[in-house]
Amino acid sequence: MTSTDTAAIDPAVDAWLAERADDRLASYQAFLRIPSISALPEHADDCRATAEWIADDMRRIGLEHVEVAETGGHPIVYGDWLHATGEPTALVYGHYDVQPVDPVELWESPPFEPVAHDGSMFGRGSSDDKGQIHMHLRAAEALLATTGGLPVNVRYLFEGEEESSSVHLDRWLEANRERVAADVAIISDTGFFEGNIPSITVGLRGMMYAQIDVVGTAVDLHSGGYGGVVQNPANALATIIAALKGPDGRIAVPEFYDDVAALSDEDRSHFAALPFDEDAYLARLGLPELFGETGFTTLERRGGRPTLDVNGLWGGFQGEGSKTIIPAHAHAKISCRLVPNQDPDRIFDALRAYVAQVAPPGVTTTVRLLGGGLPSVTPVDHPVTQAAARALEATFGRAPVYVREGGSIPVCASFESILGQPVVLLGFAQPDSHAHAPNEWMDLGNYETGIRTIVRFWTEIADLPDEGA
Ligand SMILES: [Zn+2]
């Protein structure tokens, strides 16, 4: 289908949506106002309140079997509409938890006081991922209110621990297989390509997250009394970190690359075909130059190659002025983004073995695994991927590009491996959404048109031949 001379969606649904644009934004803001930071224990009640907010919204619009389900951590919200007899069933996934807001002083408006201006919504979670949950609910609401049903059967599963490695999700999925049975899983937690070009994500990197702890004495030592005669944990940590990567950007951990699927010529031509303005990308970052593994383009480094990054490091005196000590201990958080066919457990074992090998003597060094997830790649030619492509083209007026993204959504691999469902990543955030950073925002054009894309998408899936989904 080319860009529309007929309405992209049922005109009655479109009119219903158009009349309620202001209410919709008010509801979106109310949803963003609840500070559902999953990583911080003091926000546990807020996470639960957010789950309850969604459940109330689901019941109000006419979804059924709505439940705030216990997981042992932050709850999962489930709801469905299953009356499209003979039509496929889709499972929609999103996450209502958000990242912490530090450094809060860099926000131009408070992170949990969302404001709409200049065509965008600013606030934590506006694009990642509460905004996209809100879009799905609004699409369902519009269809239920105007047509009395959805064109396909849809189960909604919104979790509250995605930003904390989805620690309880897999066990919940295992225990609720029948409840979440579907022909396809739709994950809306991604975004458009550079230049805000509609896109479908067909690959995601996995993740291995670890912490390195270097411990010396029980308490800090006087650096005059003990300097030069004991190992300094902070220096030792620096030695370890320096050994992890070469100046060519290559990760020095033995066996790290053993399982990496090499990029085929076809993979590389997909990356090369994407409309990517590297100068604009660099300018937006405000950096003197980009840096990455030698021998790969920027998009290949981001979507098709693994990484190892220090996410934080600390130890010793952090205050103003000077304090002459040898710190008792020092620590680093390390994340690796993984590509097919790397396994997080295997990468952790390789890292731990290598750290043990390069750790200086005189201190105790340990490495522990904090979380992980498998990488995944989805077929471009899957009928549901193609249905999503038609829905995007009909509503945004432009055929989507297919992208392998740098991010990680561990649940993607869980849906594939635990539930055996193909996964289609249909996300609407603009590429520079400041996800996880200060001043997160959502383009309200993407938000509004995206709601119509979802409406159209359900119609496209219902129209697939029986074996389609
Ligand atoms: Zn997200």
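Strands are DSSP runs of E, at least two residues long, numbered from the N terminus. The views below show a predicted model.

View 1. His331 lies in strand S13, which covers residues 329-338. With a relative accessibility of 11%, His331 counts as buried, because buried means under 20% relative accessible area. Its side chain makes a polar contact of 2.6 Å with the side chain of Asp213. The side chain of His329 is a further polar partner of His331, at 2.8 Å. Leaving out residues up to four places away in sequence, His331 touches Gln211, Ile212, Asp213, Leu237, Gly312, Leu313 and Trp314.

View 2. Asp128 sits in the loop between strand S5 (120-122) and helix H4 (130-147), and Asp189 in the loop between S7 and S8, so the pair ties together parts that are 61 residues apart in sequence. Asp128 and Asp189 are both buried.

**View 3. Ser127 in the loop between S5 and H4.** Ser127 belongs to the loop between S5 and H4. Its relative accessibility is 2%, so Ser127 counts as buried. The side chain of Ser127 reaches the backbone oxygen of Trp441 at 3.3 Å. Apart from neighbours within four places in sequence, Ser127 is in contact with Gln132, Ala429, Ser433, Glu440, Trp441 and Met442.

View 4. Among the buried residues are Val384, Ala388, Leu392 and Glu393. The buried residues of H12 pack against strands S7 (184-187), S8 (199-204), S16 (401-404) and S17 (423-425), and against helix H14 (444-462). Gly397 follows H12 and has a positive phi, near 75 degrees.

**View 5. The salt bridge between Arg24 and Glu448.** The closest N and O atoms of Arg24 and Glu448 are 2.8 Å apart, and the two residues form a salt bridge. Arg24 lies in helix H2 (residues 21-32) and Glu448 in helix H14, so the pair ties together parts that are 424 residues apart in sequence. Both Arg24 and Glu448 are buried.

**View 6. Salt bridges of Arg284.** Arg284 and Glu194 meet through their side chains in a salt bridge of 3.1 Å, N to O. Arg284 is in helix H9 (residues 278-285) and Glu194 in the loop between S7 and S8, so this pair ties together parts that are 90 residues apart in sequence. Glu194 is buried, with a relative accessible area of 9%, whereas Arg284 counts as partly exposed at 44% relative accessibility. Asp432 also forms a salt bridge with Arg284, with the closest N and O atoms 4.0 Å apart. Asp432 lies in the loop between S17 and strand S18 (441-443) and Arg284 in helix H9, so the pair ties together parts that are 148 residues apart in sequence. At 25% relative accessibility, Asp432 counts as partly exposed. Through shared partners, salt bridges join Glu194, Arg284, Arg302, Glu405 and Asp432 into one network.

Note on methods. Residues are numbered from 1 along each chain as its sequence is written. This is a predicted model: local features need pLDDT of at least 70, side-chain atom pairs count only at pLDDT 80 or more; totals for chains, interfaces and linings use all residues. Side-chain values use heavy atoms; hydrogens and water are left out. Buried means under 20% relative accessible area, exposed over 50%, partly exposed in between (1.4 Å probe, protein chains only). Helices (H or I, at least four residues) and strands (E, at least two) are DSSP runs, numbered from the N terminus. Contact means heavy atoms within 4.5 Å. A polar contact is a pair of N or O atoms within 3.5 Å; within protein, one must be able to donate a hydrogen and the other to accept it, and residues adjacent in sequence count only if both atoms are side-chain atoms.
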